[in-house]
Amino acid sequence: MPEKTALVLSAGGIFGAYQVGAWKELATCFRPDLVVGTSAGALNGWAIAGACPPEELIRYWMSDSAATFLTLRLPLRPWRRLFDPAVFSSRVQAFFSAFRPQIPFGAVLTDLLRLRPRLVQSPDVTWEHLAAACSIPVALPAVRIDGRLYVDGGLLSVLPLWAAAEMGASRAIAVNTLPELPSRILRAGVRAIRWISPKAPAPGALQVISIAPAGPLGTLSESVRWERRAIERWIAQGAEDARRVIASGLTGRDFPQRVLQ
């Protein structure tokens, strides 16, 4: 049976722009057999699996639609979510309708009450699954699907390598925008949630090439706030880091050399 190589895209909110820059470079020398993503990575992955050209995906991230994806509900009220769920849902639906996967695609969500991750694969993925994969707790409401409530898949696992293995991949190129969460309070909260939740599935013997920034891309507020210069900077940084990995992969290391060509 031929080996399958996955593209795995992490959670990251607006930092997902970094993934687009990385994909622009990867697309010149790599064709994944399947794509897995969660949170912003689920949206980027949906487009990539749908054969969206990198330049088109970059244009989307620079567009007004992306700028208003997370629209603050002003004035802020302690009893309601931070972002407008109606605007968010309409943007997800439009993005979902624009593409259809040409290769297998998997979105990772979190079952809120059970605190368990769930992998949903095409063709079963709906716009509600994409919305749930991006529904940041507190900031956006949970999404009800088949009687269960789901939120951001990055809550339990920022980089769902296990899902790639479950979909049959033996190798993966992983683009991780969150090597470290951008807030000590957030890190403490997420650690507590993960401590009480069932242990995340293991990726097994999956071979992984990782593309990630050396440190946090920005602050917690920057991760949910669209700003053109920041988007441009993160796209450029993703492209630079991907070029570095591609160059190292062409210097003779067996796994990267077989994949990045």
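**Briefing: fold, surface and aromatic pairs**

Of the protein's 261 residues, 50% count as buried (under 20% relative accessible area with a 1.4 Å probe, protein chains only). The model is predicted: local features need pLDDT of at least 70, side-chain atom pairs count only at pLDDT 80 or more, and totals for chains, interfaces and linings use all residues. Residues are numbered from 1 along each chain as its sequence is written, and side-chain values use heavy atoms, with hydrogens and water left out.

**Overall form**
- The protein contains ten helices and eight strands (DSSP runs: H or I of at least four residues for helices, E of at least two for strands).
- The C-alpha trace spans about 55 × 40 × 35 Å along its principal axes.
- Among contacts (heavy atoms within 4.5 Å) with a separation of 6 or more, 77% join residues 24 or more positions apart.

**Aromatic rings**
- Six aromatic pairs are counted, a pair being rings of Phe, Tyr and Trp (its six-membered ring) with centres within 6.5 Å.
- Phe69 and Phe88 form an edge-to-face pair (planes over 60 degrees apart), because their ring centres are 5.7 Å apart and their planes stand at 80 degrees.
- Phe69 lies in the loop between helix 4 (64-67) and helix 5 (85-98) and Phe88 in helix 5, so the pair ties together parts 19 residues apart in sequence.
- Both Phe69 and Phe88 are buried.
- Trp46, Phe96 and Phe105 are linked into a cluster by ring pairs.

Technical notes
Phe/Tyr/Trp six-rings, centres within 6.5 Å; stacked < 30°, edge-to-face > 60°.
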